[in-house]
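Biologist: Before we discuss any detail, could you put the sequence and the model up, so that we can go through the packing and the pairing step by step?

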Protein chains: 2
Amino acid sequence: MKVWRAVADRFAFVEFDGPPLEPLELYTKKSGEEIVGQLYNFTDKGGREVALRPEMTPTLARMVSAKANALRKPIRWFCAPQMFRYERQQRGRLREHYQVNYDIIGEADVTADAELLAVAIDIMREFGLTSRDVRARFSDRRLLRALLHQAGVTEGQIPGVFAVLDKIKRQPENVSLERLAAAGLNATAIDAVMSMTTADTLGVSGASAEVERALEPVRRYREHLSHLGVNEWVELDLSIVRGLAYYTGVVFELFDAKGELRAIAGGGRYDNLLESLGGENLPAAGFAMGDVVLTELLRDRGLNVTVNSPDFWVAGDSSEHDPNVMRTATALRRAGASVEYALRKQQLPKQRKAAQSAGAAYFVILEDGFDKSGAIRVEELGESGGRDAASPLMRALADRPATLQSLLAVLGDNPGMLP
Amino acid sequence: MKVWRAVADRFAFVEFDGPPLEPLELYTKKSGEEIVGQLYNFTDKGGREVALRPEMTPTLARMVSAKANALRKPIRWFCAPQMFRYERQQRGRLREHYQVNYDIIGEADVTADAELLAVAIDIMREFGLTSRDVRARFSDRRLLRALLHQAGVTEGQIPGVFAVLDKIKRQPENVSLERLAAAGLNATAIDAVMSMTTADTLGVSGASAEVERALEPVRRYREHLSHLGVNEWVELDLSIVRGLAYYTGVVFELFDAKGELRAIAGGGRYDNLLESLGGENLPAAGFAMGDVVLTELLRDRGLNVTVNSPDFWVAGDSSEHDPNVMRTATALRRAGASVEYALRKQQLPKQRKAAQSAGAAYFVILEDGFDKSGAIRVEELGESGGRDAASPLMRALADRPATLQSLLAVLGDNPGMLP
């Protein structure tokens, strides 16, 4: 959650939230009655048909439509709510999970799509993952359509072909061939579709005018991704379709590079959805990332899933209760630090053990004469304590008097020095 | 939410969350069957009796009990969830609202109570409120009991007297007198109770041994609050009882000083609750603060309720798309700043207007020759732009070359310089 929020902040997304409980028809209107079987729905005390939200987009559409004129465009909103489904639980799919959603509404250009993919990748980077751990694969519904038209696929055959493309890398080739034939494609069209997912389409020659038109935003998208510093994570993959019917432009998914898990994140452009849900006609793009697959990936890679440790643990050098411990904790907290101390009288070694167990970065001991001189001793705890080079904070303290005043001065000069 | 989380971080509280939906019996076990009328409860698809949570403490108790042995003590947890009740809505009471909860579990000493009140007051301070805007009033159930015993009130009469005390400042004196008589108190006891809420009890002389014993933690509590720097916000008020039956020690509430609104926050010590809910026997204290009254108070005082603005808006000095805008935004984001830029081609004045409307603190214009020199111009936007003294960032930039490199160096030296 901290990472999701920190990255949102850097990209100037504003957090919103909606009710966990929505009218059932908000979901049936978008996905049809068959969605009800997967929903955690019920009739409430007032006889209303309601459901615990399975996704955020309908809520977002409703909220944006309600205030569309008053909102500054483009709208850059994110939220990190709990989602619910009433289904059998399995690996990577729980009945309740968190999902962060980032959306840009009111901008049709691929600059918005590029911002969104940069957000998704920046989250990966913030967790310590690299482009060797995670791959972003994108496609574009407009390009797919143009290529299929060029291959002789009719508009009516496209939904069937999209369904095959979506699974083409996860099912045997003969199954794909059969399904394309069943969708009504002739042998030439089937060949063209099967080769689409391997050919480097961006360098294609002899493309139709429609394909050329569709390639222009895709090329600009790649350029933007390069300017946003994420190009090495990204590849074009025409088998990325995304199941949902409402995407209209760029679609993308993030996968673990080993291909062992479900998609980490996915999204795309949905320019017609807001209007079709009864709202404003506003172009929009967004993506969602759940906590379940991401947590599995971080655990597999041995990376920290939760980080929540105080910067300082303040200790009195006596077993008596020392009011200066509370005063020092307060002074450090007002300097912006996260601070804990023992709430009951304890010997110093026990306090140090508690500090270590809390994962505190530094152990601050109030020395004899603290009242007059502010004398303290700062110890670096944890793994970093064993390294040859002390932390920037320890180095900054090294050539100053060992007092609380020095510590506060160092923090005042550079609050970014805290972990 | 940002303030709630920032203060929690300073006081080394760890965020937890639980399901919005809990078994109905979790609430009836604590509060009796009569609570059901206020709950948003229903029977789910699997025939389970469930309710949308009306409060967090039962969930907290259940979660702590499930892992009591594995958790480091004292447990310092907070959460900021949505709560639900199925009641008529009124000012300061909505059907769905947010409530932050901070709890310290596993520490019986008043040091924990003092930490909690310091958290509540630090939140007020962080919102720009002062001890003239908000008052913290506390009492102690042990002291109340001792004073009532000394006044001749029997143990059996105490619940009735607590109920009167709880309302004594909000109802006519004769009503309180009648209710105390109805609770079975004689004239002397009634006099004693009526004078309790005005006398300065901490200076009481001729106190019983039980009162003296009960005064000791109260005196230490006040001292701790002083060391934690919040004493001027706090007063002893023996009419603070808190409705809930389960409090066992210090109880407190935060009010707007004008007395126009409901309590902003309230809490106290509940040493027996976890065990009575079927969990571990662990001492505990905590408080809750909702968003509704707090928001009303901030609006009444003309204080910012939402703060969510980018640090920088990056603009190209041409109507053509400039890849350097994205590159500069990326560099500033990697330095930890919150950055936005126009996603479509716009003239400079329009970009500046968009930056102002987004509430950006600084407007960064890429100058001619940026490619070679990194030349930029930084403007301070918004209210602060009109002040005589420029911001620390503008002053730090003043004696350096006007380049992106200078800006990044200033931020690298002091990330705390950002708003």
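Biologist: In this predicted model, at what angle do the axes of helix 1 and helix 4 of chain A cross?

Modeller: Two packed helices are described by the angle between their axes and the distance between the axes. For helix 1 (residues 2–10) and helix 4 (residues 110–126) of chain A, the axes come within 10 Å of each other, and they cross at roughly 130°.

Biologist: Which residues of helix 1 of chain A are buried, and which residue with a positive phi follows the helix?

Modeller: The buried residues of helix 1 of chain A are A:V3, A:W4, A:R5, A:V7, A:A8 and A:R10. After helix 1 of chain A comes a residue whose phi is positive, near 60°, and this residue is A:A12.

Biologist: Is A:E107 buried or exposed, and which residues does it touch?

Modeller: A:E107 has its place in the loop between strand 7 (96–105) and helix 4 of chain A. Its relative accessibility is 5%, and buried means under 20%, so A:E107 counts as buried. The C-alpha atoms of A:E107 and A:I75 are separated by 8.5 Å, although the two are 32 residues apart along the chain. Not counting residues up to four places away in sequence, A:E107 touches A:P74, A:A112, A:R269, A:P283, B:L343 and B:R344.

Biologist: Which strands stand at the edges of the four-stranded open sheet of chain A?

Modeller: The four strands of this open sheet of chain A follow the order 14-13-15-16, with mixed pairing. Each edge strand has a single partner strand, so one side of each is left without a neighbour in the sheet, and these edge strands are strand 14 (339–341) and strand 16 (376–380) of chain A.

Biologist: Within this sheet, what is the bridge partner of A:F363 in strand 16 of chain A?

Modeller: Strand 15 (residues 362–366) and strand 16 of chain A run antiparallel and are joined by five bridges. In strand 16 of chain A, the residue paired with A:F363 is A:E379.

Biologist: Which strands of chain A does helix 12 lie across, and which does helix 13 lie across?

Modeller: Helix 12 (residues 323–334) of chain A runs at about 170° to strand 14 of chain A, and the strands that it lies across are strand 13 (312–316), strand 14 and strand 15. Helix 13 (residues 348–357) of chain A runs at about 170° to strand 13 of chain A, and it lies across strand 13, strand 15 and strand 16.

Biologist: Turning to chain B, how many residues of strand 15 are buried?

Modeller: In a regular strand the side chains alternate between the two faces of the sheet. In strand 15 (residues 362–366) of chain B, B:Y362, B:V364 and B:L366 point one way and B:F363 and B:I365 the other way, and all are buried. The strand is mostly covered, and the number of its buried residues is five of five.

Biologist: What stands opposite B:F363 in strand 16 of chain B?

Modeller: Strand 15 and strand 16 (residues 376–380) of chain B run antiparallel and are joined by five bridges. Four of the five residues of strand 16 of chain B are buried, so this strand is largely enclosed by the rest of the structure. There, the bridge partner of B:I365 is B:R377, and the residue opposite B:F363 is B:E379.

Notes. Residues numbered from 1 in each chain as written. Chains lettered and ligands numbered in written order. Predicted model: local features only at pLDDT ≥ 70, side-chain atom pairs only at ≥ 80, totals over all residues. Heavy atoms only, no water. Axes fitted to C-alpha atoms, helices over the stretch in contact; angles between N-to-C directions. Helix = DSSP H or I, 4+ residues; strand = E, 2+ residues; numbered from the N terminus. Buried < 20%, exposed > 50% of the residue type's maximum accessible area, 1.4 Å probe, protein only. Pairing = 2+ DSSP bridges. Contact = heavy atoms within 4.5 Å.
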